[in-house]
Structures are given as structure tokens and as C-alpha cells.
Amino acid sequence: MSELSVVIVGGLHADARKAAVARLLADVPGSVALHHDLATAAAGTVVRTVRDATGILDAGEAPLVNDCACCALREDLVPELERLADAGQTPLAVVELWDSVEPKAMAEVVTAGGLTVTGVITAVDPALVLPYLGNGDDLADGGLAAATTDQRTVADTFARQLEYAPVLAIAESPEADDEDRELLAQLHPTARQVPIGHGDLAGAPALGAFAQDTAGGLTVPPPRRRPFSPLAEAALAGFDVESAASAQHPACALLPAEADAHGVSTLVWQQRRPFHPERLYAALEDLTCAAARSRGRFWLADKPDTLFHWDAAGGALCVESVGPWLASLPDAAWEMVPPVRRAAAALDWHPEHGDRGQHLVFTSPGLDRDGLERLLESCLLTDAEYAAGRDAWQRLPHAFDTLLEV
């Protein structure tokens with residue numbers, strides 16, 4: 001590590017997050033952790049601390065920016081990391097995010113500042129996954145809002161923290177059972193899970209076995225470096241901000257696959273027929289409450305050119321337009337579309353509808369798969385409605401206009 005590496009460690013599970021940071025500081029000699037405490041924002045400042053494995057090295061305050069604690073964090077973080085890089089005395093800076101700060105924004109800020117993010121880690125207590133996914137309270141109600149305008153909930157914030165990170169640091173949790181661990185695995189099946197408490201490695205001996213040199217004599221090899229723990233290896237493995245963003249974009253997201261184990265199920269529902277807007281709107285509450293977590297993309301018959309994002313957790317649903325389907329764009333506009341999205345569309349292209357389609361994923365303990373599929377199917381256009389064609393579809397009631405504020 002010839003230059004400063006930056007790893008971002010976040011998560012609403014504060015005890016797990018702090019344990020992960022402590023593990024990294026212990027495992028990587030010379031590493032330091034930066035933390036901005038947004039809990040002091042009400043007093044007009046954000047408190048910054050820099051510490052190593054032995055304790056606090058430096059502390060300071062950053063003023064609020066536009067009455068926004070998160071904005072103050074963005075303004076203060078990069079200069080602090082640059083100072084560490086210029087000093088050249090630490091190989092790894094661990095950015096410990098405050099509870100509700102999401103890693104995606106901070107990874108993009110650090111990378112845009114010209115620094116190297118080598119890892120993004122979300123720390124998780126498996127026993128708390130379901131309670132947090134089911135918590136529809138506003139962050140502000142628990143003193144966790146990052147700004148006065150912050151309208152996020154505990155559930156949706158936790159879901160994004162969990163699903164963005166390629167590495168999950170798993171806390172030892174006697175309360176966690178097989179269902180808890182299975183839920184975590186199905187929510188983010190591609191994540192590398194690293195137990196926080198299993199990072200201890202005995203240091204390699206300073207002197208290895210004697211080896212014979214070319215002259216036939218005996219020589220002592222140089223001392224071997226202590227190998228990194230699995231968590232430290234994950235922190236230094238490398239991270240691509242653009243790929244991470246693509247993996248979360250509704251048009252090409254890496255959604256979970258079908259699964260059913262330990263009382264937890266994931267239903268992947270895909271169809272080429274559009275939704276009837278009025279029937280889908282009437283079913284939103286039942287669909288939202290059917291699973292602990294659901295997400296994906298969908299299309300409405302009355303808005304055939306618009307790709308919609310489905311994002312539900314904690315009994316609350318966010319539906320938003322995320323731009324056009326590729327099939328609705330002129331050929332010349334395709335060059336402006338990221339290659340990863342073009343590739344995703346090509347893998348699932350329909351001769352009539354192109355990349356338009358329904359791709360929704362529901363994950364939950366005790367999931368009523370059959371009932372959920374029946375409800376979803378009932379929201380599609382009937383054969384007669386489908387046969388009437390697009391001109392007729394666009395005359396259907398625009399039931400989502402109020403929700404979408406169009």
C-alpha cells in the first residue's frame with residue numbers, strides 16, 4: 001500500500017459498526033479512523049474525531065452547511081483525508097459513517113475528491129435485520145435525521161445501506177437464528193460476509209525455517225509480514241463506484257434470485273404484459289405489506305415509455321420514474337446510455353416490447369408466494385385489454401399521477 005487507501009464502514013447497527021472499525025484498526029498497523037458525529041448538528045456543528053487503535057489522535061468541529069449535517073460531512077471529509085494522504089504516515093483510513101449516513105453518497109464524494117476507495121463495508125447484527133426492515137418510523141423520530149428536511153425512514157435507509165455494500169461485517173449475535181441469517185443471505189446474496197469476531201490471526205514467526213542459499217550455506221529469510229485478517233483483506237480488495245451504482249439502478253440492478261430456506265422465501269416475479277394502472281394502484285397496500293422487502297422495476301399501460309422503480313420496506317413504498325425504457329429511445333440516443341445498461345437490456349430483450357417488463361422481487365419470512373402471485377397477476381391487463389393496443393392503454397385512468405406528482 002504505497003498510497004492512502006480509504007474504506008467506508010457504515011450501518012445503522014452502531015455496535016456492529018464500531019466493532020468492525022475496531023477490528024480494522026487492530027488488524028492494519030498504522031491505520032486510523034475518521035468519524036463525524038452528526039448528533040451534535042442541533043448545536044450548529046459536526047464533531048470530527050480521528051483515532052487509531054490506541055485512542056483519539058485529533059478532534060475538531062465542522063460548521064453546518066445549508067443547515068445540513070450531511071453537507072458538512074461532505075465538505076469536511078475529503079480535506080481531512082487529503083491531509084492524511086499528504087502526511088504519508090498511514091496506509092488505511094477507515095471512514096466510520098454516522099448511523100443514518102448512506103455509503104453510496106460518501107463513496108462517490110471520496111472518489112470524486114481524487115482519493116482511492118478500496119472497500120465499502122456495512123456492519124450488521126443478524127438478529128436486528130428483520131426489526132430494522134420492519135421499522136417504518138421516520139429517522140427524525142429517533143434523532144437519526146441527517147438534515148431538517150430528511151424524510152427517510154429507518155427501514156428504507158437500512159435497506160440501502162445493506163444492499164449497496166459488497167461486504168457485510170457480521171457481528172457475533174447469540175440472539176440470531178437460522179431464519180435471521182437466511183433473511184440476510186437472501187436480501188444480499190452476492191455480498192461477501194465476514195464475521196467481525198473471527199479476524200484474529202496469529203502473527204507469523206519473525207524467523208522462518210533456515211533456507212539453503214546458492215553457495216550451499218544457510219541463510220535466515222527476512223521476517224514475514226503478519227497476514228491481513230479477512231475483514232482487512234475485504235477493506236483493501238478494491239471498489240468501483242460506477243459498478244456499484246449500476247448494481248443499484250432499477251434498469252440493471254442485480255436483484256436476488258428465487259430462494260426458499262429456513263422459513264424465508266424470495267419470489268422473483270417477471271411478466272411482459274403491462275400493469276393496469278387502476279388495479280395496481282388499488283393493490284399497492286397489500287403488495288407493500290406482503291413482504292419485509294420488495295424492489296424492482298415495472299411498467300404501466302398508460303405510460304408505456306416510462307421505467308418505474310419499486311422500492312418497499314417497513315410497510316412503506318416508494319414509486320418513482322427513473323427515465324425511459326431503452327426501447328422507447330431513438331437509435332442515436334443509445335450511445336448516451338451506459339454500456340452496462342445496454343448489456344442488461346440485450347440479455348432480456350423482447351421482440352415486441354424490447355426491455356419493457358415487470359421484474360419485482362419480494363423477500364420475507366412466511367411469504368405467501370401463491371397469494372402474492374395471484375394478486376400481481378390480477379393487476380395485469382386482461383387479454384381483451386391487452387389486445388386493444390397502446391392507443392387504448394393510454395386512455396386508461398392515470399391512477400399514479402397523484403403519487404408521482406406529475
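Hi everyone, let me start with the term we need: a salt bridge here is a side-chain nitrogen of Lys or Arg within 4 Å of a carboxyl oxygen of Asp or Glu. Searching the whole structure with that rule gives 24 salt bridges.

Quick housekeeping. This is a predicted model, so local features need pLDDT of at least 70 and side-chain atom pairs count only at pLDDT 80 or more, while totals for chains, interfaces and linings use all residues. Residues are numbered from 1 along each chain as its sequence is written, and side-chain values use heavy atoms, leaving out hydrogens and water.

Let's begin inside a helix. Arg83 and Glu80 form a salt bridge at 3.0 Å, N to O. Both sit in helix H2, residues 69-87, 3 residues apart, or about one turn of the helix. (Helices are DSSP runs of H or I with at least four residues, strands are E runs of at least two, and both are numbered from the N terminus.) Glu80 is buried, at 11% relative accessible area, whereas Arg83 is partly exposed at 38%. For cut-offs, buried is under 20%, exposed is over 50% and partly exposed is in between, with a 1.4 Å probe and protein chains only.

Now for a pair from further apart in sequence. Glu258 and Arg369 make a salt bridge whose closest N and O atoms are 2.3 Å apart. This pair links distant parts of the chain, 111 residues apart: Glu258 is in the loop between helix H8 (241-248) and strand E11 (259-261), and Arg369 is in helix H11 (residues 369-378). Glu258 is partly exposed at 42%, and Arg369 is partly exposed at 22%.
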